[in-house]
Structures are given as C-alpha cells and as structure tokens.
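This report goes through one protein chain, from its overall layout to single residues. Please keep the sequence and the model at hand while reading.

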Amino acid sequence: MSAAKKLVDGDQTSGSQRIRIILTTSKSVANLEKVCADLIKGAKDKQLKVKGPVRMPTRTLRVTVRKSPCGEGTNTWDRFEMRVYKRVIDLHSPTEMVKQITSIAIEPDVDVEIYLDDAK
C-alpha cells in the first residue's frame, strides 16, 4: 500500500495543485461541450494530467401551475421545465499554470466554478 502511495507522490511535481473545474448551464449543451473541449485541449497542450469531462446527471426542475389567475373555471395547468447540465474536469498542474489554463474564452451562458487544492 505504501509503495503505491510513494509512486503516486513521485509522479507529481513539487508545488502541484489539484484543480477541480465545475461547468454548469441550463440553456445550451453544445456551448458547455465546447468550453469543456477548449479546457481539455489547452491542458493537454501543456502536457498536464486531465480527468474528465465527467458528465453529472441532468437535473430537471419542474413547476406545475394553474392557468387561471382567479381559480375559477376549468382546472387547466401549465407545466414548465428547466434542465441543468453539469460537467466536472479534474487537472493536476503546477501553481504557475493555473492562470494560463483558466484564461480561455467562456461562452456567456456557461457558469464556471474552480476549486484549488494542494496535491498530497
């Protein structure tokens, strides 16, 4: 067990960061996939370890409301639905590369969350 752990520690450079990038959108999956591809391409050009994109389950938010504002009349209902798509990308990189990796053009309807953690 300890031999395997030493091997993993030996692979990483000193000052390495573990970066988790979470991308979410509710409008366009194509834009989300484009941003994922750009991030991964940039990381692989710099020869970094990349895991992902991991496709998380699509969340479907549903709201059912009455059409009639006063409550009188026939019981008719409107159903609204919003889907939330999420992708997770994990990177291992030196601390100097973090800014370069994340400085790409991001589509306007894609939200990005970045978590940094020291690799141990």
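How many helices and strands are there in the chain? The chain has three helices and five strands. The model is a predicted one.

## Overall layout

Read from the N terminus, the elements follow the order α-β-α-β-β-β-α-β. The chain has 120 residues, and 26% of them are buried.

Contacts in the chain can also be sorted by distance along the sequence. Among contacts with a separation of 6 or more, 74% are between residues 24 or more positions apart.

## T24 in strand β1

Strand β1 covers residues 16-25, and T24 is part of this strand. Is T24 buried or exposed? The relative accessibility of T24 is 13%, and the cut-off for buried is under 20%, so T24 counts as buried.

Leaving aside residues up to four places away in sequence, T24 is in contact with L32, Y85, K86, D109, V110 and D111.

## Q47 in a loop

Q47 sits in the loop that runs between α2 (29-45) and β2 (49-55). Its relative accessibility is 73%; the cut-off for exposed is over 50%, and therefore Q47 counts as exposed.

How far apart are Q47 and S93 in space, C-alpha to C-alpha? The distance is 9.2 Å, while 46 residues separate Q47 and S93 in sequence.

## The cavity

Rolling a probe the size of a water molecule over the atoms shows where empty space is left. In this model, one cavity of 30 Å³ or more is found. The largest cavity holds about 40 Å³ of space.

Which residues line the largest cavity? The lining consists of I21, L39, T102, I104, I106, V112 and I114. Sorted by class, six of the lining residues are nonpolar and one is polar, with no charged residues.

## Aromatic rings

A pair of aromatic rings is described by the distance of the centres and the angle of the planes. How many aromatic pairs does the structure hold? The count of aromatic pairs is zero.

One ring does have a charged residue over its face: R66 lies over W77, 5.6 Å from the ring centre.

Definitions and conventions:
Residues numbered from 1 in each chain as written. Predicted model: local features only at pLDDT ≥ 70, side-chain atom pairs only at ≥ 80, totals over all residues. Heavy atoms only, no water. Helix = DSSP H or I, 4+ residues; strand = E, 2+ residues; numbered from the N terminus. Buried < 20%, exposed > 50% of the residue type's maximum accessible area, 1.4 Å probe, protein only. Contact = heavy atoms within 4.5 Å. Phe/Tyr/Trp six-rings, centres within 6.5 Å; stacked < 30°, edge-to-face > 60°. Lys NZ or Arg CZ within 6 Å of the ring centre and 35° of its normal. 1 Å grid on protein atoms, 1.4 Å probe; cavity = no way out; pocket = protein on both sides within 12 Å on 5 of 7 lines; lining within 4 Å. Points joined across faces, edges and corners; volume = space filled by probe spheres on them. Nonpolar A, V, L, I, M, F, W, Y, C, P; charged D, E, K, R; others polar.
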